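Grab a pencil and work through these exercises with the viewer open. Try each task before you read its solution.

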Amino acid sequence: QVQLVESGGGLVQAGESLRLSCAASGFTFSSAAMGWFRQAPGKEREFVARISKSGGSIYYADSVKGRFTISRDNAKNTVYLEMNSLKPEDTAVYYCNTVLGITPVGGSWGQGTQVTVSS
């Protein structure tokens, strides 16, 4: 059974940093491209970043480019999102999932982790 457990969120002030983690199980992690997504209140879930199976190919949404860094540790079945220079508009629940391109293809979502950025 696929399980995705996000953690690391919190309440921070604008300009500060957070590091999110997503622990995956139930599938062959090293064979899956992974992505981070977020959903702000009243908005659709949106793509944030994706990383290829080996970590050699990375892509970001324009809104986070230069501030966020996605990485993965295949030995730990974990994908990370380092978020710097946070802005109030980054406030959302953050999720990870397996991806094809920037489209989530996992059949289910984890509980997500709340990131709140105050101005």
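Rings of Phe, Tyr and Trp (its six-membered ring) pair if their centres lie within 6.5 Å; planes under 30 degrees apart count as stacked, over 60 as edge-to-face and the rest as tilted. Bear in mind that this is a predicted model, where local features need pLDDT of at least 70, side-chain atom pairs count only at pLDDT 80 or more, and totals for chains, interfaces and linings use all residues. Residues are numbered from 1 along each chain as its sequence is written, and side-chain values use heavy atoms, with hydrogens and water left out.

**Exercise 1. Rings**

Task: find the ring pairs, then classify Phe-47 with Tyr-59 and say which residues link into a cluster.

Solution. Start with the count, which is 5 aromatic pairs. Take Phe-27 and Phe-29: their centres are 6.3 Å apart and the planes meet at 50°, so this pair is tilted. Next, Phe-47 and Tyr-59 sit 5.9 Å centre to centre with 25° between the planes, which makes them stacked. Phe-47 belongs to strand β5 (residues 46-51) and Tyr-59 to strand β6 (residues 58-60), so the pair ties together parts 12 residues apart in sequence. (Strands are DSSP runs of E, at least two residues, numbered from the N terminus.) Finally, ring pairs join Phe-37, Phe-47, Tyr-59, Tyr-95 and Trp-109 into a cluster.

**Exercise 2. Charges over rings**

Task: which rings have the charged end of Arg-45 or Arg-72 over them?

Solution. The rule asks for NZ of Lys or CZ of Arg within 6 Å of the ring centre and within 35 degrees of the ring normal. Arg-45 has its charged end over Trp-109, 3.9 Å from the ring centre. Arg-72 lies over the face of Phe-29, at 4.4 Å.

**Exercise 3. The disulfide**

Task: find the cysteines that are bonded, and decide whether they are buried or exposed.

Solution. Look for cysteine sulfur atoms within 2.5 Å. That gives 1 disulfide: Cys-22 and Cys-96, with sulfurs 1.8 Å apart. Cys-22 is in strand β3 and Cys-96 in strand β9 (residues 92-100), so the link ties together parts 74 residues apart in sequence. The angle about the S-S bond is 40°, and the link is right-handed. Now check accessibility: buried means under 20% relative accessible area, exposed over 50%, partly exposed in between (1.4 Å probe, protein chains only). Both Cys-22 and Cys-96 are buried.

**Exercise 4. More accessibility**

Task: are Phe-29 and Phe-47 buried or exposed?

Solution. Phe-29 comes out at 2% relative accessibility, so it is buried. Phe-47, at 14%, is buried too.

Technical notes:
Helices (H or I, at least four residues) and strands (E, at least two) are DSSP runs, numbered from the N terminus.
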